[in-house]
Amino acid sequence: MQTKINIKPSQRLLNLPKYIFAELDDWKEQARAKGMDLIDLGIGNPDQCTPEPIVKAAVESLKNPKNHGYPDFKGKEILREGIAQWLEKKFRISINPKTEIQTLIGAKEGLAHLALAYTDPGDINIVPDPYYPVLSRGTWIASGEVYHVKLEEEKNFLPDLNLIPEEIAQKAKIFFVNYPNNPTAAVMTREYFKQLVDYCKKYNILLCSDLAYSEITFDGYRPPSVFEIEGAKDIAIEFYSFSKSYNMAGWRIGFAVGNEEFIKTLYAIKTNVDYGTSSIIQDAAIAALNMDESICANVPATYQRRRDFMIEGFNKLGWNLKKTSATMYLWLKVPKGYDSKTWCKTVLDKAGVVFTPGIAFGKYSDNYFRVSLVAPDERLHEALDRLEKANIVYSE
Ligand SMILES: Cc1ncc(COP(=O)(O)O)c(C=O)c1O
């Protein structure tokens, strides 16, 4: 007879709030079971292929037996040097490839591990809300607490530092920010970054900037790096990703840049849990960094084109969206009479179009929903047609 086992997962895992994306998957499965053809604009997964020079570099790298063993923990020297040159070219910042860069198995992994490396049970980290889930979940997994600062449209979705109580600022360990922002598409200014650097220095807080959307920018806009602010290296670390910039979400590679101490700490925790990014993927990343600008530019150009006709389409349906400068997302208000989940479920049932409820990004976002521009143009046009036919319109 088989013994029935009953081994409870850790309390820290059980304490995590439900992941709304899992519930969305259930909705989608049920709708598909009914035979519905869904246009999925829910997740932020790029729909375009990884550019050919990157794929080619990976294929070549795969043939080299030297790349079949464990990779170097920090990342290949040639990759770290390439990253430093890329940062110099993009942001005019000077980063030491030997001591100030750590490659990652994607920015998400690095962000979660940074929280784990610096947070003891009961410690407080600050996260603006709405937020990309791992920015809070990393802290919760470390049994820390998160203080959420509400982001408001009237304040361009930048956190109002005056809303943070003095005792929270005194106690806080890490301040996470993410601009260009997922989900709001808001962007950072250099002036605001300076205020944030001063604030974190005053309160001895590690400033963690998540710049995963650094290359998904439009109309000539360039986002600032925190390291453009003088003295930021004393307190900051910044995370970058290849996922969106080069359509490499499934390859799993990103990197962290910053203060030698923070990079060392991140390295220390990673050496205990992983072996770093596959050498083959690292070679692909080197090819990405060296790729012709004209190929790189296709990625944001596609989202920019989609942004234009989707904003126009939503505005015809009653919304009042302004042009975004970055990211592959639109952040829209939920019409009167709905919360974000009932609204997205209604749209799914009536039109077969999947959006993400704002509540998935935090408690302050239940009156918004997110649209990801991650389907071919013709499917996005079809989504707009379906919304119009189903009378999905905005009313205050
Ligand atoms: C704000 C933000 N940071 C980080 C990530 C994860 O990046 P990666 O794929 O490099 O783990 C995402 C992915 O959607 C994101 O939206």
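Colleague: Is cysteine 49 buried or exposed?

Modeller: This is a predicted model, and exposure is read from relative accessible area, with over 50% counted as exposed. Cysteine 49 has a relative accessible area of 66%, so the residue is exposed.

Colleague: How far is the sulfur of cysteine 49 from the closest cysteine sulfur?

Modeller: A disulfide needs two cysteine sulfur atoms within 2.5 Å. The closest cysteine sulfur to that of cysteine 49 belongs to cysteine 296 and is 16 Å away, which is too far for a bond.

Colleague: Where does cysteine 208 stand, buried or exposed?

Modeller: Buried means under 20% relative accessible area. Cysteine 208 has 0% relative accessibility, so this residue is buried. Its closest cysteine sulfur is in cysteine 200, and because the two sulfurs are 10 Å apart, a bond is ruled out.

Colleague: How many disulfides does the count come to?

Modeller: The count is 0 disulfides.

Colleague: Turning to the ligand, which residues are closest to it?

Modeller: The ligand is surrounded by 13 residues, and the closest are Asp210, Tyr213, Ser241, Ser243 and Lys244. Sorted by class, the shell has 5 polar, 4 charged and 4 nonpolar residues.

Colleague: Which backbone atoms lie by an oxygen atom of the ligand?

Modeller: Polar contacts are read from distances between N or O atoms, with a cut-off of 3.5 Å. A backbone N or O atom of alanine 107 is 2.8 Å from a ligand oxygen. For lysine 108, a polar backbone atom is 2.9 Å from an oxygen atom of the ligand.

Colleague: What distance separates the side chain of asparagine 182 from a ligand oxygen?

Modeller: An N or O atom in the side chain of asparagine 182 lies 2.8 Å from an oxygen atom of the ligand. On its own the ligand has 400 Å² of accessible area, and the protein covers 93% of that.

Colleague: Which pocket does the ligand take up?

Modeller: The ligand takes up the space of the second largest pocket.

Definitions and conventions:
Residues are numbered from 1 along each chain as its sequence is written. This is a predicted model: local features need pLDDT of at least 70, side-chain atom pairs count only at pLDDT 80 or more; totals for chains, interfaces and linings use all residues. Side-chain values use heavy atoms; hydrogens and water are left out. A residue is near a molecule or strand if one of its heavy atoms lies within 4 Å of it. A polar contact is a pair of N or O atoms within 3.5 Å; within protein, one must be able to donate a hydrogen and the other to accept it, and residues adjacent in sequence count only if both atoms are side-chain atoms. Accessible areas come from the Shrake-Rupley method with a 1.4 Å probe; for residues, only the protein chains shown count as cover. On a 1 Å grid over the protein atoms alone, a cavity is a set of points where a 1.4 Å probe fits but cannot get out, and a pocket is an open set with protein on both sides within 12 Å along at least five of seven lines; lining residues have an atom within 4 Å of a point. A molecule sits in a cavity or pocket if more than half of its atoms lie within 2 Å of its grid points. Ala, Val, Leu, Ile, Met, Phe, Trp, Tyr, Cys and Pro count as nonpolar, Asp, Glu, Lys and Arg as charged, and the others, Gly among them, as polar. Buried means under 20% relative accessible area, exposed over 50%, partly exposed in between (1.4 Å probe, protein chains only).
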